[in-house]
Amino acid sequence: MDHRSAAGGGTAPPPLPTGNGPGTGTGIGGFVFNAADEERRRGVRRMKATATGLLVLVALVYALAKWAQDTGAGPWAGYVAAAAEAGMVGALADWFAVTALFRRPLGLPIPHTAIIPTKKDQLGVSLGEFVGENFLSADVVKARLHALGIGGRLGAWLAEPAHADRVTAELAAALRGALTVLRDSDVQAVVGEAITRRAESAEIAPGMGKTLERVVADGGHHRAVDLLCAKAHDWLVTHGESVMDAVQGGAPGWTPRFVDRKIGDRVYKELLRFVTEMRDMPQHPARGAVDRFLTDFAADLQSDTETRAKVERLKSEILARGEVQDVIASAWASIRSMILSAAEDEQSELRLRVRSSLISLGARLATDGRLQDKLEGWIEGAVVYVVTTYRTEVTSLITDTVAGWDAEHTSRKIEAHIGRDLQFIRINGTVVGALAGLLIYSVSRAFGA
């Protein structure tokens, strides 16, 4: 079968290269022509042949009818000739209209023909404007999203345990992927800097003072004092000789040794007695002194400028130490390992809590109309913002894409998709023209024309 224009005249371009199967093909003029497109083009050629064959048939019928009419075959020949003549006119008119969409009929430079190749860019602009006005407007997007009922449908979907499991698994995989991509050194630097900056920017003395004040008021420090007294007593009992030796070592060299020994023994016994009484007597005066000291210190931490400044200097010195920075930076390694273990273990507390939260959220979304409205409002607002903000980019994508297409191949691609239906117009034009011609001829004969 030859490759000709829609009416059978003119030389058509060579066949388009095709791929090896559906979904594959060779890109030409911005398109990919695949096996499916080639099959469509074969269908178009078959329909062209059918429409052209019908035109040839009515032309042959017209010639035979005119011959029969000239030879006096009878009135019926006139009716047949009129119908065939009108059928040819209809077929040729529709052939011209269909062909003019894609190319110049018979190659003649007739105005307003080859509409798609010559008006391709204008069609792209019009298509972009049409999409922008009718598909990417805020009202259309909001109405469509509202009609979908995303909140209720999402809630019902999430309420299913199997779906919650699937979402949990996907979140765990995403979390593992994110932790794998991140470089530990970068994260450690960021975490260390963030913690250090946060600690340096926040004054800790007032908070410490309030906390200490509450502890003292509630008597929470008594256990610490009890423990300290007990440990001090045990240490003195165990290291009595060391205490006496220390006292003797600090005595003047001119004093007799037995005097030094007696003084050391006396000091040790008094110290042990003091610690023992303080340990065993909740109302010991020294305990009251400790309470007053802690109360005053708590007040100074909150209101005394000098005390607060000392605490801040001490905090800065501690934070500046290398070992402290190493501890802060190494915290990320522990956190990362903990998160990875929890994400990989299906029975971990993290995944079980996420799964339970998703199911609970789904159940609420499925039944709570206010929550549905709130979620849908967020989604609609986000989508409308994206659509209204980037509508020009979307429409320009359509316009620029169409402008980048090759005119000839654009025409052939479109013809491959709709050409078969357009050939039915030619067939219908032939049939309708013939019927119209027969009707007109019959009416004219009836009125004696």
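The questions and answers below go through the helices of this predicted model and a few of their residues.

Residues are numbered from 1 along each chain as its sequence is written. In this predicted model, local features need pLDDT of at least 70 and side-chain atom pairs count only at pLDDT 80 or more, while totals for chains, interfaces and linings use all residues, and side-chain values use heavy atoms, with hydrogens and water left out.

Q: What makes up the chain in terms of helices and strands?
A: There are 18 helices and two strands.

Q: How much of the chain is buried, and what does "buried" mean here?
A: Buried residues make up 30% of the 449 residues. The label means under 20% relative accessible area, with exposed over 50% and partly exposed in between (1.4 Å probe, protein chains only).

Q: What share of the contacts with a separation of 6 or more comes from residues 24 or more positions apart?
A: Those pairs account for 68% of them. A contact means heavy atoms within 4.5 Å.

Q: Why is α1 called roughly antiparallel to α2?
A: Two packed helices are described by the angle between their axes and the distance between the axes. For α1 (residues 35-70) and α2 (residues 76-102), the axes come within 8 Å and cross at roughly 150°. That angle makes the two helices roughly antiparallel, given the cut-offs: under 35 degrees is roughly parallel, over 145 roughly antiparallel, 65 to 115 roughly perpendicular, and the rest oblique. Axes here are lines fitted to C-alpha atoms, for helices over the stretch in contact, and angles run from 0 to 180 degrees between N-to-C directions.

Q: Which residues meet where α1 packs on α2, and which hand is the crossing?
A: The α1 side includes Leu55, Val58 and Tyr62, and the α2 side includes Trp76, Val80 and Met88. The crossing is left-handed, the word for a near helix turned anticlockwise from the far one by less than a right angle; clockwise would be right-handed.

Q: How do α2 and α18 compare with that scheme?
A: Their axes are 6 Å apart at an angle of about 155°, and therefore α2 and α18 are roughly antiparallel to each other. α2 passes α18 in a right-handed crossing.

Q: Why are α6 and α16 called oblique?
A: The axes of α6 and α16 (residues 349-367) come within 7 Å and cross at roughly 140°. The pair is therefore oblique. Their crossing is left-handed, and the residues that meet include Gly151, Leu154 and Leu158 in α6 with Leu358, Ile359 and Leu365 in α16.

Q: How do you know that the length of α10 fits a helix?
A: Its 17 residues (222-238) should span 24 Å at 1.5 Å a residue, and the end C-alpha atoms are 24 Å apart, which agrees. The expected span is 1.5 Å times one less than the number of residues.

Q: What makes the buried residues of α10 line one face?
A: The buried ones are Val225, Cys229, His233 and Leu236. Seen down the axis of α10, they fall within an arc of 70°, so they line one face of the helix. The arc is that of the directions from the helix axis to the C-beta atoms. On the other side, Arg223, Leu227, Lys231 and Thr238 are exposed.

Q: Why is Val237 called partly exposed?
A: Val237, in α10, has a relative accessible area of 48%, so the label is partly exposed. Val237 touches Tyr268 and Leu272, leaving aside residues up to four places away in sequence.

Q: Is Glu415 buried or exposed?
A: Glu415 has 7% relative accessibility, so this residue counts as buried. Glu415 is in α18 and touches Val44, Lys48, Phe102, Arg103 and Arg420, not counting residues up to four places away in sequence. Arg41 is 374 residues away in sequence, yet 7.8 Å away in space, C-alpha to C-alpha.

Q: Why does Ile150 count as partly exposed?
A: Ile150 has 24% relative accessibility, and that is why the label is partly exposed. Ile150 sits in α6 (residues 150-158).

Note on methods:
Helix = DSSP H or I, 4+ residues; strand = E, 2+ residues; numbered from the N terminus.
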